[in-house]
Amino acid sequence: MTALLIAQIVLTLFVFFMLLNSAAVMVYVERKVAAQLQQRIGPSLVGWKGVLQPLADIIKLMFKENLRPAAADPLLFALAPIIAATCAFAAFAVVPFGGETTLFGWLPEGIRLQVADVNVAILVVFAVASMGVYGIVLAGWSSNSKYSLLGGLRSSAQMISYELSYGLALASVLLLANSLSLTDIVNRQGGSWWHVLPRWYVFLQPVGFLVYMTAGIAETNRAPFDFPEAEQELVAGYHTEYSSMTFAMFFMAEYINMVTVSAVATDLFLGGWHGPFLPASLGWIWFLIKVSAILFFYVWMRWTLPRYRYDQLMAFGWKVLLPVAVINLLVTAAGVLYFGI
Amino acid sequence: MGSESALFHLFGAIAIIASLLVIAQKNPIYSVLLLIASFGALSGLYVLLDAPFVAVIQIIVYAGAIMVLFLFVVMLLNAPHEDTEHDLEVHPLLRGGPLRAGALLAAALFVELTWALTKGGGESGGFPGAAVTSVAAIGRSLFTDYAFAFEVTSILILVAMVGAVVLARREPGTK
Amino acid sequence: MPVLNQYLILSAILFSIGTAGVFLRRNLITILLSIEIMLNAVNLTFVAFGRALGSADGQIIVFFVMTVAAAEAAVGLAIVIGLFRHRESLNPDSFTALKW
């Protein structure tokens, strides 16, 4: 009994620690991939092939002066990055990243690699994403500067607009899986058709997957939907006035949101931790591979596609993506009813 | 269980204190943020009442959408303080006259409500019977017994959306 | 183990706080927020009774109450914006004349 409790606590701390590390790794990956796409070398001076670059960045950020504009609201100015970072971490609490494992026989019975197994897990992810809007809008408002306010309002309007398509893509998977629990959804994607094609939902729901990824990229304010924080347009949008560790918290929150969107996409569409050649207890290796593939896709998108202008972005979200998501939901519902999947 | 009772008192205390502060703040932005905290506490209470779906929907709809709307409106109107000089000196809740009568009436309402709600016999144990927690059961009931209300509600939201856009639109040619 | 009466008393407290807010505050937005507090108190009552009776009806009615509250908040805030544009004030006492 106590072994399980200790294992649970260690699991929680492990997830937290790995998310922090993932933000640092993403900093390096982004710069290296960007460099390769732009035919240059990228970070290569600090450590072997530049792998210590994130460490250097963090140390630099820590030593910068922590400014607060005199006219800024002190409570809200301090609260906004806390809300952003907390919501980024909290969403990962219900995401499963591995099957039942006994940690190589050390535990009496298996624990699932998931911090909290709630049976409304998809809705919890969606709810925490809704709360993440507050970090941005409060950052924009409390800085008491025009660039920040415009960036904050635009960014939060974009996020709440794309939440609709995000939710509808989730609902389509929900129809197929008949359950809101992420563990159930992943378990239904085990096995394969004709021993060749795995039973992933991306093959049943290609449009849903595209809608989800597009809405996810827009939710995390990444290119090509990153107008509100584009340097050429709004200085830096809602985090213009932030420096040092508070800026690092926003920065980290953005990367961790990316990781969460990728992890949820892996669980919903790409079969989670199921894969050939490995037993379920080592499935977290497959999970890592799939999440890394989606994160690479994210970075690739940023450095390849031009940026949407804000009105084009909002028009796309409301007039293109939302109807596509609704039609996808209707077709999925008809398919489930007709084929009885 | 003791832990459930402790959690009930914790969430209840947060909800009451946050609501009291909502009506006591001068700055509407702080009121909105405190109300979000109150909604979070209520969401915890719904989880204690074995209603996880309602708890998550409370966060998604109330704390995540309606309060964002309030926050946007407060920021765009940018009128953080109440108007007259007398209002600026005296705290809103301490002014005299009909406002004190209002506070007394609210207290009287509380006494009446408590009496009306609890006079149906005191319950001594916990909740009897099983709870309906599955979203599937709620969905089934929603789309069969309450299907008409569901459709009417969707028309209501459409009307509200159109109405909000029309009411908040600037007349072309002015300002 | 919290009993039904405790939930009902909590809901009565929240409802009275909301009512006090509507009576006491002279700021249109705070009045709308107090109305939201009252609606939430009612939601808590519904869910508590639904749990006590073991039926899903409490949760379903909460679903509808939340939807109606959202619609009402949207339209109410649109009206507040219109009023503010006209009179540059959020104090309901500025709108006592029946002239626009």
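1. B:Gly64 is buried, with 24 other C-beta atoms within 10 Å. The cut-off for buried is 20 or more such atoms, so B:Gly64 qualifies. Keep in mind that this is a predicted model. B:Gly64 lies in helix α3 of chain B.

2. What does B:Gly64 touch, once its neighbours within four places in sequence are left aside? The contacts are A:Ala127, A:Ser130, A:Met131 and B:Ile59. B:Gly64 and B:Ile36 are 28 residues apart along the sequence. In space, their C-alpha atoms are 8.6 Å apart.

3. Now widen the view to the contact of chain B with chain A. Chain B puts in twelve residues, and chain A puts in 14 residues. Which element of chain B gives the most to this side? It is α3(B), with eleven residues. By class, the side of chain B that touches chain A has eleven nonpolar residues and one polar residue. Charged residues are absent from that side.

4. Next, the contact of chain B with chain C. Here 75 residues come from chain B and 62 residues from chain C. Six helices of chain B each supply at least two residues to this side: α1 (2-24), α2 (28-48), α3 (52-77), α5 (98-118), α6 (135-144) and α7 (147-167). The side of chain B that touches chain C has 56 nonpolar, 13 polar and six charged residues.

5. Look at chain B as a whole. How many helices and strands does chain B have? There are seven helices and zero strands. Read from the N terminus, the order is α-α-α-α-α-α-α. Chain B has 175 residues, and 29% of them count as buried. Consider the contacts in chain B between residues at least 6 apart in sequence. Of these, 52% join residues at least 24 apart.

6. Chain B is also split into domains. Domain 1 covers 1-81, and domain 2 covers 132-175. The C-alpha centres of domain 1 of chain B and domain 2 of chain B lie 22 Å apart.

7. Follow α1(B) along its length. This helix has 23 residues. From its first C-alpha to its last, α1(B) reaches 33 Å, close to the 33 Å expected at 1.5 Å a residue. Its buried residues are B:Phe8, B:Phe11, B:Gly12, B:Ala15, B:Ala18, B:Ser19, B:Val22 and B:Ile23. What do the buried residues of α1(B) pack against? The partners are α2 of chain B, together with α1 (4-24) and α2 (28-53) of chain C.

8. Turn to chain A and its helix α3, residues 74-90. α3(A) has 17 residues and reaches 25 Å from first C-alpha to last, close to the 24 Å expected at 1.5 Å a residue. The buried residues of α3(A) are A:Phe77, A:Ala80, A:Pro81, A:Ile83, A:Ala84, A:Ala85, A:Cys87 and A:Ala88. What covers them includes α4 (121-142) and α10 (244-269) of chain A.

9. Stay in chain A for a helix pair. Two packed helices are described by the angle between their axes and the distance between the axes. For helix α8 (residues 206-219) of chain A and helix α12 (residues 310-339) of chain A, the angle is about 145° and the axes are 10 Å apart. Is the crossing of α8(A) and α12(A) left-handed or right-handed? It is left-handed.

10. Here are the residues behind that crossing. α8(A) brings A:Val207, A:Gly208, A:Val211, A:Thr214, A:Ala215 and A:Ala218. They meet A:Gly317, A:Leu321, A:Val324, A:Ala325 and A:Asn328 in α12(A). By class, the contact of α8(A) with α12(A) has seven nonpolar, four polar and no charged residues.

11. Last, check two backbone angles. Most residues other than glycine have a negative phi. A:Lys49 has a positive phi, near 55°. A:Lys49 sits in the loop between α1 (2-37) and α2 (53-63) of chain A. A:Lys49 counts as partly exposed because 14 C-beta neighbours lie inside 10 Å.

12. C:Glu88 has a positive phi near 55°. Its place is in the segment after α3 (57-87) of chain C. Is C:Glu88 buried or exposed? C:Glu88 is exposed, with 11 other C-beta atoms within 10 Å.

Notes:
Residues numbered from 1 in each chain as written. Chains lettered and ligands numbered in written order. Predicted model: local features only at pLDDT ≥ 70, side-chain atom pairs only at ≥ 80, totals over all residues. Contact = placed C-beta atoms within 7 Å. Helix = DSSP H or I, 4+ residues; strand = E, 2+ residues; numbered from the N terminus. Nonpolar A, V, L, I, M, F, W, Y, C, P; charged D, E, K, R; others polar. Buried ≥ 20, exposed ≤ 12 C-beta atoms within 10 Å, placed from the backbone. Domains from an automatic or database assignment. Expected span 1.5 Å × (residues − 1). Axes fitted to C-alpha atoms, helices over the stretch in contact; angles between N-to-C directions. Left-handed = near helix turned anticlockwise from the far one by under 90°.
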